[in-house]
Every structure is written in C-alpha cells, then in structure tokens.
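Please examine the sequence and the three-dimensional model shown below. The briefing after it is arranged by topic.

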Amino acid sequence: MAAVIAAEALFRTIGELTGTKIVPIAQGLALLPITDDFFDSVTDPTAPRDPDFWKLPCGFTDRLATWSQVGPTAYVEAEYFGGVGSQTAAVWIDGTIVFGPLHLAEDEPTPTAGTPISQALRHLGVRQAGKSDEFDAAGLGRHRHLKDWLD
C-alpha cells in the first residue's frame, strides 16, 4: 500500500483527483490511496525517481510540499505478506520535509520509537489509544489491501 495521509480538511482544498478517492480514517485524518491510475495521472516523466520509495510518483514531492503548506502531510508505503514486510514514511510541514524518509526493512527490528508510519502519524497529531500504536489508533489496520480502501 502507498498513500498520502493528512487532515481530512486539507484534502477538501486540493480539488479533483483522478483514479483515487479520499477515505476518512480516525482522529480527523484521511487517506489518499496511490492507485495505479492516480500514479499515472500525477507522475512527471521528466522528474527523477526518488530512490527512497518504491511507489512515489516522480515529481510528486513538489505536490506534497505544496499540500503541506495547508497542513502536515505524510507519504507512507507498506508492503507486508504473512506479517513480514517493510515500510517507509516521510512528512512535510510548511513546504519542507521534516521527517524521513525513514525505512524499516523486512528483517529489521522495530525501533523503540515505533515504525516509520507510526512515527509519521505522530507528526500529524495522532495519539495512541490504550495499547494500540498510532497505526491502529489512526484506523490504518482496518484494511490490508489497497482495493479495500477504495470500496
């Protein structure tokens, strides 16, 4: 899964999107899944690929920086199968990247500060709920597959 996460109100300011939709999650946030159609619609073929991410559209960091001038904006990627996988996250605030990109490889232990996505969510104001980490507190554990977010 690859997605942009930000305040639901921020997404209301960005206009029409092609090939994806905004999905409300918890704590006032929303998720913008990076579908193949959306990826194709926003990719700048003349921009270099960012080696820190596997699904970030070329040239899309400029858009993330612009959106972050409205409010903190995170870009996250997670790839898991059978409970094993990796994740990467970054956060932009006021047009500048302020966190990451932080990557957790498949066989790496989880840092004491939490996974990259949980740490990114903290920058968006997500707070743990009981024994849940920020990932679950934000409602990201609700679906495992990208298509389920869109249904």
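The points that follow describe the whole chain and then some of its parts.

This is a predicted model, in which local features need pLDDT of at least 70 and side-chain atom pairs count only at pLDDT 80 or more, while totals for chains, interfaces and linings use all residues. Residues are numbered from 1 along each chain as its sequence is written, and side-chain values use heavy atoms, with hydrogens and water left out. The chain contains 6 helices and 6 strands; helices (H or I, at least four residues) and strands (E, at least two) are DSSP runs, numbered from the N terminus.

**Overall form**

- Read from the N terminus, the order of the elements is β-α-β-β-α-α-β-β-β-α-α-α.
- The chain is as compact as a globular protein of its length, because its radius of gyration of 14 Å is close to the 15 Å that the globule rule gives for 151 residues. The radius is taken over C-alpha atoms, and the rule is 2.2 Å times the number of residues to the power 0.38.
- Along the principal axes, the C-alpha atoms fill a box of roughly 40 × 30 × 30 Å.
- Among contacts with a separation of 6 or more, 45% join residues 24 or more positions apart; contact means heavy atoms within 4.5 Å.

**Confidence**

- The mean pLDDT (the predictor's confidence in each residue, from 0 to 100) is 88 for the chain, and 94% of the residues reach 70 or more.

**Surface and charge**

- Of the 151 residues, 44% are buried. Buried means under 20% relative accessible area, exposed over 50%, and partly exposed in between (1.4 Å probe, protein chains only).
- The chain exposes about 7,900 Å², of which carbon and sulfur atoms supply 51%. Such areas come from the Shrake-Rupley method with a 1.4 Å probe, and for residues only the protein chains shown count as cover.
- There are 11 positive and 20 negative side chains, and the centres of the two sets lie 7 Å apart. Lys and Arg count as positive and Asp and Glu as negative, whereas His and the chain ends are not counted; the place of a charge is NZ of Lys, CZ of Arg, CG of Asp or CD of Glu.

**Helix 4**

- Helix 4 (residues 116–123) is largely enclosed by the rest of the structure, because 6 of its 8 residues are buried. These are Pro 116, Ile 117, Ser 118, Gln 119, Ala 120 and Leu 121.
- Gln 119 counts as buried because its relative accessibility is 13%. Leaving aside residues up to four places away in sequence, Gln 119 touches Phe 99, Leu 102, Pro 111, Ala 113 and Gly 114.
- Gly 125, which follows helix 4, has a positive phi near 95°.

- Val 98 belongs to strand 6 (residues 96–104) and, at 42% relative accessibility, counts as partly exposed. Beyond residues up to four places away in sequence, Val 98 touches Val 91, Trp 92, Ile 93 and His 123.
- Val 98 and Ala 120 are 22 residues apart in sequence, and their C-alpha atoms are 9.7 Å apart in space.
- Ile 22 lies in the loop between helix 1 (8–11) and strand 2 (23–24) and counts as partly exposed at 28% relative accessibility.
- The C-alpha atoms of Ile 22 and Trp 92, which are 70 residues apart along the chain, are separated by 19 Å.
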